[in-house]
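Here is a quick tour of a protein chain and its ligand. Have the viewer open and follow along.

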Amino acid sequence: MIRLNDLKISYRIGSRTIDAVDGVTLTIPDNCVVGIAGESGSGKSTLMKAIYGDIQSPMYISRGSIDYGLKGVDGKPVTAGNVRKEWFKSISYVPQSSMNSLNPVIKIREQFIDFPGTDSNKKRVLEKARAYIGKLGLPPEAMDSYPHQLSGGMRQRMMIALATFFQPELIIADEPTTALDVVVQKDILMLLMELQEEMGNTILVVSHDMGVHYQVTHKMLIMYAGRVVEYGDTDSVFADPQHPYTRMLIDSLPTIGDDSMRGVLASQAGASGDRAYRVEPNLIEVKPGHFVAQSEGASV
Ligand SMILES: Nc1ncnc2c1ncn2[C@@H]1O[C@H](COP(=O)(O)OP(=O)(O)OP(=O)(O)O)[C@@H](O)[C@H]1O
């Protein structure tokens, strides 16, 4: 179980400070797929990076803390201080574009053994990795390729293979399929979800696509202007959205037989239309496990 305690994450640009995430407090249970949606710039990626422990200037945690509730490979608790040592082993990240994460100048197989602790058993790790990528629908020879020799879909599949190979307890996927065509997108998401079911771990998945959230997530976290406006079981959030911004996201989903494709722009770009909300950081539990922030809606 991961607990975020009044987390505030900022960027310092010269004398200016941007509070990208402001006062997020929530608990993420184990063995669960949590979808994160929200308009562009609402702080989703910043929050994901902070949880992953990828905190680099100008970004910093200005308040609050993260309790990972995880044990590292050495059996010691994972903390904000040592989380980087746990990358790939206990916590991993599937980025939007695998091209930025797979090292372009080394062959894929080297990327599977480029971890502390695999020095002594490289051969065995490679054998296992070859078998593993096969299970994920990749040919064994892909291991001997450079990233640019694989198609975009194969690279993203490879990234998922790398991110799941050590069976981490937490996987963060930040818009893992946006760069891919629709059919490959679906395959990749299904793969991620099958692996989650098998491993029983937790996946946090950022997506602008509410249809994806509806299909694959157990819980939904809706962000707006650096704050969480709604958090709860996906069924409950979709059946009974409490916050006007959540309602707008859900209403913008095209329904079958709806020719007008109402608000597709909003569902895909996360645009908030002509409304702006002032959101309080505290969440109120409106139903068991379904939380909403108090906020005032105002026309821009
Ligand atoms: N490196 C950076 N330096 C300065 N400000 C940043 C940086 N990265 C993000 N921000 C700011 O932090 C805020 C949140 O950005 P973030 O990328 O987390 O939003 P997001 O919800 O993931 O957006 P998107 O859906 O467009 O990816 C925005 O105001 C953004 O401009």
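## Strand 8 and its partners

Strand 3 (residues 33–38) and strand 8 pair in the parallel sense, with five bridges between them. Strands here are DSSP E runs of at least two residues, helices are H or I runs of at least four, and both are numbered from the N terminus; two strands pair if DSSP finds at least two bridges between them. In this pairing G35 sits opposite M220 of strand 8. This is a predicted model, in which local features need pLDDT of at least 70 and side-chain atom pairs count only at pLDDT 80 or more, while totals for chains, interfaces and linings use all residues. Residues are numbered from 1 along each chain as its sequence is written.

Strand 8 also pairs with strand 9 (residues 227–233), this time antiparallel and over six bridges, and L221 stands opposite Y231 there. The hairpin of strands 8 and 9 has two residues between the strands, and A225 takes a positive phi near 50 degrees.

Three strands make an open antiparallel sheet in the order 2-1-4. Strand 2 and strand 4 (59–67) are at the edges with a single partner strand each, so one side of each has no neighbour in the sheet. The twist averages 5 degrees from one strand to the next. Seven bridges join strands 1 and 4, and S10 has Y60 of strand 4 as its bridge partner.

Helix 1 lies across strands 1, 2 and 4, at about 65 degrees to strand 4. Seven of the nine residues of helix 1 are buried, so this helix is largely enclosed by the rest of the structure. The buried ones are K44, T46, L47, M48, A50, I51 and Y52. After helix 1 comes G53, with a positive phi near 85 degrees.

## Around the ligand

Which parts of the chain supply at least two residues each to the shell around the ligand? They are strand 1 (2–13), strand 2 (16–28) and helix 1 (44–52), with helix 1 giving the largest share, three residues. In total 13 residues surround the ligand, the closest being A20, S40, K44, S45 and T46; a residue is near a molecule if its C-beta atom, placed from the backbone, lies within 6 Å of it. The shell splits into five nonpolar, seven polar and one charged (Ala, Val, Leu, Ile, Met, Phe, Trp, Tyr, Cys and Pro are nonpolar, Asp, Glu, Lys and Arg charged, and the others, Gly among them, polar).

L150 is in the loop between helix 3 (122–135) and helix 4. L150 is buried, with 20 other C-beta atoms within 10 Å. Beyond its neighbours within four places in sequence, L150 is in contact with A142, S145, R155 and M158 (contact: C-beta atoms, placed from the backbone, within 7 Å).

Definitions and conventions
Axes are lines fitted to C-alpha atoms, for helices over the stretch in contact, and angles run from 0 to 180 degrees between N-to-C directions. Two residues are in contact if their C-beta atoms, placed from the backbone, lie within 7 Å. A residue is buried if 20 or more other C-beta atoms lie within 10 Å of its own, exposed if 12 or fewer, and partly exposed in between; C-beta atoms are placed from the backbone.
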